Amino acid sequence: MVDLSVNLAGVRLDNPVIPASGTFGFGEEFKDLYDLDILGAISFKGTTVAPRLGNPVPRIAECSSGLINSVGLQNPGLDAVIAEQLPRMRSFFHKPIIANISGFAVEEFVTLAERLSREPQVEIIEVNVSCPNVHGGGMSFGTDPKSAAEVTRSVKQVSARPVFVKLSPNVTDIVAVAKACEEAGADGICLINTLLGMRIDIARRKPVIANKMGGFSGPAVFPVALRMVYQVSKACSIPVMGCGGVASADDVIEMMMAGATAVQVGAANLVNPYACKQIVEDLPKRMESLGIEKLSDIIGIIE
Ligand code: SIN
């Protein structure tokens, strides 16, 4: 029997496979497709203090090997997540929940972390300083090491749970941002969020996305994500959740060899709603064929 369990800043996961925030909602649309308790954890949709309707449509542009989204953090807001979504999730999901939080001011991140980290199902706070689709918050916090550190420090002061900071790849020096978060007290780093991208409808002579630009994700970004996971895990001593273009058990193993302790699956859920199930089922078989008994043994084995 192979061992898939991992330890994420003190939180034990049965396996490292986690649907990424924004690609799995609050689990509701997936719960009738398969038993979600086979997952390591779920990172729920980026939640803000106030409810948000999101950006104008079209919000999605298909690309070869990926897609661009400009959802704009559509979510029901903090009160509804606590009063409705979390109780609903309790009926069908019994593994750790990762609360992905987004704000437009440091105080909003603080409010979100303070309240959500006291919900019994929430075991990790994921601070999203990397959404490219909103103005006056989102990515602007995560592209400057000082701002990322300020958010981290403030959230750490109030959070009852480990704090992971989800970083943007839209920077020249990812290590500088990650190290600033680590020095500010982060318990872990999650990377990468989406790469800022754009498509043009040449017949309409207009951008495909109403907001012109959006975040690019999918298999095409995997090598970029892997490189950043490698760089950050070598430079920092806190755990890293790898995210970006992961679509198979082999991708999970590759991310872990690069330094990830757990791995988030994003765009693949939009192509195949069974993607995470398939990966969880394939992992033990691939481990056996590669001679891996304990998955945590391969974390960061690449020098
Ligand atoms: C969005 O809601 O626009 C995507 C969230 C993100 O990229 O963080």
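Student: What makes Lys285 count as buried, partly exposed or exposed?
Tutor: This is a predicted model, and in it Lys285 has a relative accessibility of 53%. The cut-off for exposed is over 50%, so Lys285 counts as exposed.

Student: Why is the pairing of Asp282 and Lys285 called a salt bridge?
Tutor: The distance from N to O between the two side chains is 3.6 Å, and the cut-off is within 4 Å for a Lys or Arg nitrogen and a carboxyl oxygen of Asp or Glu, so the pair qualifies as a salt bridge. Both residues lie in helix H9 (residues 275-290), where they are three residues apart and therefore separated by about one helical turn.

Student: What makes Asp14 and Lys95 a salt bridge that links distant parts of the chain?
Tutor: Their side chains meet at 2.8 Å, N to O, which is within the 4 Å that the term requires. Asp14 sits in the loop between strand E2 (11-13) and strand E3 (17-19), whereas Lys95 sits in the loop between helix H1 (78-92) and strand E7 (97-101), and the two residues are 81 residues apart. Asp14, at 36% relative accessibility, is partly exposed, and Lys95, at 21%, is also partly exposed. In total, the structure holds eleven salt bridges.

Student: Why are E15 and E16 said to pair?
Tutor: Pairing needs at least two bridges, and strand E15 (residues 240-243) is joined to E16 by three bridges in the parallel sense, so the two strands pair. Within this pairing, Gly242 has Val263 in E16 as its bridge partner. Strand E16 is also joined to E3 by three bridges, again running parallel, and there Pro19 stands opposite Val265.

Student: Which residues of E16 point one way, and which the other way?
Tutor: In strand E16 (residues 262-265), Ala262 and Gln264 point one way, Val263 and Val265 point the other way, and all are buried. In a regular strand, side chains alternate between the two faces of the sheet.

Notes:
Residues numbered from 1 in each chain as written. Predicted model: local features only at pLDDT ≥ 70, side-chain atom pairs only at ≥ 80, totals over all residues. Heavy atoms only, no water. Helix = DSSP H or I, 4+ residues; strand = E, 2+ residues; numbered from the N terminus. Buried < 20%, exposed > 50% of the residue type's maximum accessible area, 1.4 Å probe, protein only.
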